[in-house]
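Dear colleague,

Please find below the structure that I am handing over to you.

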Amino acid sequence: MSEPTILVTGGTGTTGSRITTRLRARGVDPRVASRSSACRLDWAEPGTWAPALAGARAVYLAYAPDLAVPDSDDVLAAVTRTAAAAGVRRVVLLSGRGEPGAQRAEAAVRQAAEEGGLAWTVLRCSWFVQNFTEGQFAGELAAGELTLPVPHVPEPFLDAEDIADVAVAALLDDGHAGRTYELTGPRALTFDEAVAEVAAVTGRPARLRRVPFAAYAAGLTAAGVPDDVVALMAHLFTEVLDGRNAAPTDGVQRALGRPATDLADAVRRGALAGSGR
Ligand SMILES: NC(=O)c1ccc[n+]([C@@H]2O[C@H](COP(=O)([O-])OP(=O)(O)OC[C@H]3O[C@@H](n4cnc5c(N)ncnc54)[C@H](OP(=O)(O)O)[C@@H]3O)[C@@H](O)[C@H]2O)c1
């Protein structure tokens, strides 16, 4: 393993873990950062940022829980300024499609990067396929019924493996600086269709149970989910899923020169691999 050091924030998460796997395969030793990693970084603790960034040439920014939370733009601008002061040369931001809060955070990172002389790339992503297979919906879906307050709106679900491929290209290769890639899967599916396809591929019957958001929120609150997380869910389910993100893009093709992975193929590959990571 050799330089350059790449800092992967959210390095234990859905996209970060895939990015670290790819970097290692390319002979680069990634520095995995999160609250539970040996390199500890907490977005809520600015004192953890500079030690994590020290000596890194490039950084992958995956903000948690979501760029839609208030002040994510201020936090990420400050992180980017800290990165510039630490000598980082490239920043790659994971963002969400059609989310005003995420687009504010993108603008804040872009501005701080340009002021600090960093190259930036934004990966503006649609919903991940892996939400169904290993993320927050996976348990319910495996049990046969996924309850969600989703409208009958199609979404071009995106394979996190494609995100990782684009992120690694942007972190290591020239030619992605100053680009905002709108990354989606190749087909827009309603949540009912997506659940049916996941069930068909895995061979485990499952259905979507659609509920009004108020009932969903009441269930979350009763289960002890904090009010700010319920508010975040309200934003994601009732504002962002209004059809604005329904059209697939050619972002994966533009970034990588190959088509985006279909949901069924992503689920099949993940099932064959066990976790998919
Ligand atoms: N899921 C989707 O469909 C979707 C679509 C578009 C965009 N996004 C964006 O994807 C991002 C999440 O990325 P992901 O899905 O790859 O990760 P993830 O699977 O949600 O995992 C979260 C990662 O962040 C770390 N983390 C959590 N809280 C943290 C904190 N306070 N400080 C530092 N690290 C923290 C976690 O590790 P520790 O617990 O060890 O800290 C973990 O590595 C969010 O910004 C979200 O908006 C998601």
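W127, F132, F137, F157, F191, F213, Y216 and F237 form one aromatic cluster. Please keep in mind that the model is predicted. In total, the structure holds 10 aromatic pairs.

One of these pairs joins W43 and Y63, whose rings are tilted at 40° between the planes and lie 5.5 Å apart, centre to centre. Where do W43 and Y63 lie in the chain? W43 belongs to the loop between β3 (39-40) and α2 (49-53), while Y63 belongs to the loop between β4 (58-61) and α3 (72-85); the pair therefore ties together parts that are 20 residues apart in sequence. Both W43 and Y63 are buried.

A second pair, Y216 with F237, is edge-to-face, with 80° between the planes and 5.7 Å from centre to centre. Y216 lies in helix α9 (residues 213-222) and F237 in helix α10 (residues 227-240), so this pair ties together parts that are 21 residues apart in sequence. Are these two residues buried or exposed? Y216 has a relative accessible area of 13%, and it counts as buried because the limit for that term is under 20%. F237 is buried as well, with a relative accessible area of 2%.

R110 lies over the face of W120, at 5.7 Å from the ring centre.

With kind regards

Conventions:
Residues are numbered from 1 along each chain as its sequence is written. This is a predicted model: local features need pLDDT of at least 70, side-chain atom pairs count only at pLDDT 80 or more; totals for chains, interfaces and linings use all residues. Side-chain values use heavy atoms; hydrogens and water are left out. Rings of Phe, Tyr and Trp (its six-membered ring) pair if their centres lie within 6.5 Å; planes under 30 degrees apart count as stacked, over 60 as edge-to-face and the rest as tilted. Helices (H or I, at least four residues) and strands (E, at least two) are DSSP runs, numbered from the N terminus. Buried means under 20% relative accessible area, exposed over 50%, partly exposed in between (1.4 Å probe, protein chains only). A charge sits over a ring if NZ of Lys or CZ of Arg is within 6 Å of the ring centre and within 35 degrees of the ring normal.
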